[in-house]
Amino acid sequence: MRKLIEEFRKGWQGAAPPSLALSIGFAVVCLLAATLVRWGLAQVRPDIYFTPYFPAVFFAAALGGFRIGIVTALVGGVLGVALNFGDAFADRARFVLLALYWTVCAITIWGVEHYRTMLAEQRRISRRLIEEEDYRKLLVEELQHRLKNKLSTVHAVVHQVLHDQPQVWARVDPRLRSLAATDDLISRIDKAGCDIRDLLISELGPYGHVRFTLNGERLFLPPKLAVTLSLMFHELATNAGKYGAFSSPRGLLQVSWTITDDRLTITWDETEGPSVDKVSEPGFGTKLLKSALSAFDGKTEISYLKTGLHCIMQCRIPRSDER
């Protein structure tokens, strides 16, 4: 009995086609129920011949497909003509109603079959998307594993080269370890998210903790937003190391953030860095900063001041069900 119920459930949901025996049995039950309803209605209105069979056709087609629906419609029409629960007998008017009944049944069966086809296609696309997502996760995990191995190799090679220069190695070693920690953090936040302060410390730590200050409340970032901001912070920090505040011995960085309702505003301020006399054509990094937050109804404003780079990032913090 449980197996039969499970087969019925899968067939009704469109997950798997039911057996022919189950489809026919269900159609027979629908016809019997419709005939019983017709008999009850005949006690009040004996001229109702085909109306109770419409639901039977619909449900039979929904479970068993258009062939079962057609057979149910034909049998319902025959029962409507042959069975009499009153004094009236089949006349021309009843055959006209029979033609209308079969016409409506044909439209009903077509609609049900069209819906079943759309549902099957939707399930196929959903299954394909799930498979592609699983493949993407596998590929990303493999790339993260290879990146971690390469970074470990670089760490070992640099250590071997600088083994007789302990002072230089003491400056390089913490930065390599911090970069490795940042990669590990990004791989984790893609699944669970993280606190914005932890994300910033991980990205900015390689440049020295005395070179930056963080101002803002504790804020947990959902995974998608955390990954997006990590890419943006990495781009800004890299530029600061090449051309901005971190490229100058006296350069400083201040990052602050505020929350208003569900809107997050992050301010990136660099000071005491090299003056920017000429801004080059926007590259990939600038395009990334400009467009990354559009998925969160956000925007990025970048200004090149005499004191250094000034960047304002604004976005919507996704709700828990969007994470």
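Buried, in this talk, means under 20% relative accessible area, exposed means over 50%, and partly exposed lies in between, with a 1.4 Å probe and protein chains only. By that rule D261 is exposed, because its relative accessible area is 75%.

Good morning. The model is predicted, so local features need pLDDT of at least 70 and side-chain atom pairs count only at pLDDT 80 or more, while totals for chains, interfaces and linings use all residues. Residues are numbered from 1 along each chain as its sequence is written, and side-chain values use heavy atoms, with hydrogens and water left out.

I begin with the protein as a whole. It has nine helices and seven strands; these are DSSP runs numbered from the N terminus, helices being H or I of at least four residues and strands E of at least two. Of its 323 residues, 33% count as buried. Contact means heavy atoms within 4.5 Å. Among contacts between residues at least 6 apart in sequence, 65% join residues at least 24 apart.

R38 lies in α2, residues 20–42, and it is buried yet has no salt bridge. A salt bridge here is a side-chain nitrogen of Lys or Arg within 4 Å of a carboxyl oxygen of Asp or Glu. Lys and Arg count as positive and Asp and Glu as negative, whereas His and the chain ends are not counted. Which side chain of opposite charge is nearest to R38? That is D47, 9.5 Å away. A polar atom of the R38 side chain does lie 3.4 Å from the backbone oxygen of G80; a polar contact is a pair of N or O atoms within 3.5 Å, where within protein one must be able to donate a hydrogen and the other to accept it, and residues adjacent in sequence count only if both atoms are side-chain atoms. Leaving aside neighbours within four places in sequence, the contacts of R38 include Y49, Y53, L79, F85 and R94.

D47 itself has a partner. It forms a salt bridge with R45, the closest N and O atoms being 3.0 Å apart. D47 is partly exposed at 37% relative accessibility, and R45 is partly exposed at 46%.

The count of salt bridges comes to nine. Another of them joins R116 and E113, at 3.7 Å between the closest N and O atoms. These two are separated by about one helical turn, because they are three residues apart in helix α5, residues 92–161. An α-helix has 3.6 residues a turn, so residues three or four places apart point the same way. R116 is partly exposed at 25%, and E113 is partly exposed at 26%.

A further salt bridge links D195 and R218, at 3.5 Å from N to O. D195 lies in strand β1, residues 194–195, and R218 in the loop between β2 (212–215) and β3 (220–221), so the pair ties together parts that are 23 residues apart in sequence. D195 is buried at 11%, whereas R218 is exposed at 55%. D195 also caps the N-terminal end of α7, with a side-chain oxygen 2.8 Å from the backbone nitrogen of R197. In α7, residues 196–204, the buried residues are I196, L199, L200, S202, E203 and L204.

Finally, the loops. Most residues other than glycine have a negative phi. D261, in the loop between β4 and β5 (263–271), has a positive phi of about 55 degrees although it is not a glycine. D297, in the loop between α9 (284–291) and β6 (299–305), has a positive phi near 55 degrees and is partly exposed at 48%.
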